[in-house]
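Hi,

Here is the structure I promised to pass on. Have a look at it first, then read my notes below.

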Amino acid sequence: MPTLRISNSGSALLLLAVLTTFMACAPKKSPPVPMDLAQESIIPIPVSLTATNSSFELTNATDIYVQGDSKELLKIGQYLADKLNPSTGLDIKVKSSNEAPAAGNIYLSIKKDAELGAEGYVLSINAEGVHLTANAPAGLFWGVQTIRQLLPPEIELPSKQAGPWRMASGTIRDKPTYGFRGTMLDVARHFFGVEDIKRFIDLAAYYKLNVMHLGLTNDQGWRIEIKSWPKLAEYGGKTEVGGGKGGYYTQEQFKDLVRYAQDRYMTIIPEIDMPGHSNAALASYAELNCDGKARELYTGTEVGFSTFCAQKDITYKFIDDVIREVAAISPGPYIHIGGDESHATKKEDYILFVNKVQDIVLSHGKQVIGWDEIATASLKKNVFVQLWSDEKNASLAVKQGAKLVMSPARKTYLDMQYDSTTKLGLHWAAYIEVDSAYSWDPATIIPGITQKDILGIESPMWSETVDTFDEVEYMVFPRLPGHAELNWSPATGRSWAAYKKRLAAHGPRFTAMGVDYYPSKLVEWKEDKDKKLKN
Ligand code: TNX
């Protein structure tokens, strides 16, 4: 017996040695800690959520598996890996698999669930893994944004951080209220380069927006290359508000932007503003003016003084060429024709013009969007009207069967000042503090207009007073996440008091992403205690 005992303890020792060696090379994984998914600060807030009081941790054994070998799913997996690897320092790889992977991994798969629609997703997290499913790939992409928001803010930093990288466990079932969730940048008053637009797209995607409207032309500048009318960009793009050097996108650059947006499930809407707001074109080509005389380039901020000549045939030849070229590089369904503040156009000319231009856009296979004034003309089928100022126009539009994009200036204009001390921006529509930007409902703000009349909200960033992207960020953040929530999450139970707590937790996320946000006093921002979030 003693021999046996010795041999027993010998094998026990051996086992211990083997175990210790194994543990040393096995991934470091602490036991799951209790975490409450219901306390996480997700913006937009998900439709439904069940917390299970445990957690999943990313370790050096974690990889991302995607179902099958679909290029599109692999790309979404890679997008997530590229977000996680720099800060975690983990070498998370993307692999394809036909079944759920072993414990410790993330799995993205498509599972038919019509109720989730084109953009909904289900995210299930437990100590063993993360499983994200959707009815269609866009849903997976939005679910990936939720995963990012469930990890600590340091996940957004570009260099390796300490971790641990845990996510609270439970199940989220989520889908958007509105299918059109937009923002806009006016690149005409001040020009912003391709890298700035990509950054804006990335920041908007983090809040599940899917539309980026670009105001490509205005009195102060023409920002898109048109090969059949080359002086538009070459001459008309030469300057901007204040006399800076302006700029424009070549068609190749624009196509690159479109692809970048598509990879983030975002549609770019190009706007060619007409018949007003057209001085840059009228300065580039004399024949577009009724008097045949070219205008001077303009670097001020007045509106309402320019107009294309509605009575000349060359005007429509010109617009047909421009729309053909823009349509050819814009795979999205819409072209925006502006139509706002055409104070220099006679009423009958305006109506003639809008009627003709709608046909031109439709003839190039695109749907028309225009600012609310276009509702004073007779709208063709499937034309969309963007309310910004005149509620009567919104009602006129709905009477004609059009759906609305909701951009009421007093709630959504990101160039409006927060209060009377804000240095950038304007205040002609309102001062819009962060609570005011959040506390309204597009489906009840105009009597007689309800959710069924509305495509969604778009938040425009006009650029008369901002000329660097940092300045744009200061006006856009933190109001845009609030609009994103109005677009995505159900209106029932919405409250500023609850939202502002979640927003506070996004302060460190903005900081980690290098976003120069306005630290509104209405929000008790979570502190970046160790000042470690410097991006
Ligand atoms: C109104 S909104 C405009 C823009 C200005 C903006 C400034 C709209 C359709 N027209 O041209 O940039 O106000 O807040």
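What covers the buried residues of helix 2 includes strand 2 (64-67), strand 3 (94-97), strand 4 (105-110) and helix 3 (137-150). Keep in mind that this is a predicted model. The buried residues in question are L73, I76, G77, Y79, L80, A81, L84, N85, S87 and T88. As for the helix itself, helix 2 runs over residues 71-88, 18 residues in total. From first C-alpha to last, helix 2 reaches 25 Å, close to the 26 Å expected at 1.5 Å a residue. Just after helix 2 comes G89, with a positive phi of about 70 degrees.

Helix 2 also turns up in the second largest pocket: along with helix 4 (194-206), it supplies at least two residues of the lining. That pocket has a volume of about 350 Å³. Its lining is made up of 17 residues, and K83, R148, E156, R199 and M513 lie nearest the centre. By type, the lining residues divide into 9 nonpolar, 1 polar and 7 charged. Where does the second largest pocket lie relative to domain 1 and domain 2? Domain 1 (37-174) and domain 2 (182-492) both give residues to the lining, so the pocket lies between them.

Is S463 buried or exposed? S463 counts as buried because its relative accessible area is 0%, and buried means under 20%. Leaving out residues up to four places away in sequence, S463 touches D186, R189, H190 and F192.

Cheers

How values were computed:
Residues numbered from 1 in each chain as written. Predicted model: local features only at pLDDT ≥ 70, side-chain atom pairs only at ≥ 80, totals over all residues. Heavy atoms only, no water. Buried < 20%, exposed > 50% of the residue type's maximum accessible area, 1.4 Å probe, protein only. Contact = heavy atoms within 4.5 Å. Helix = DSSP H or I, 4+ residues; strand = E, 2+ residues; numbered from the N terminus. Expected span 1.5 Å × (residues − 1). 1 Å grid on protein atoms, 1.4 Å probe; cavity = no way out; pocket = protein on both sides within 12 Å on 5 of 7 lines; lining within 4 Å. Points joined across faces, edges and corners; volume = space filled by probe spheres on them. Nonpolar A, V, L, I, M, F, W, Y, C, P; charged D, E, K, R; others polar. Domains from an automatic or database assignment.
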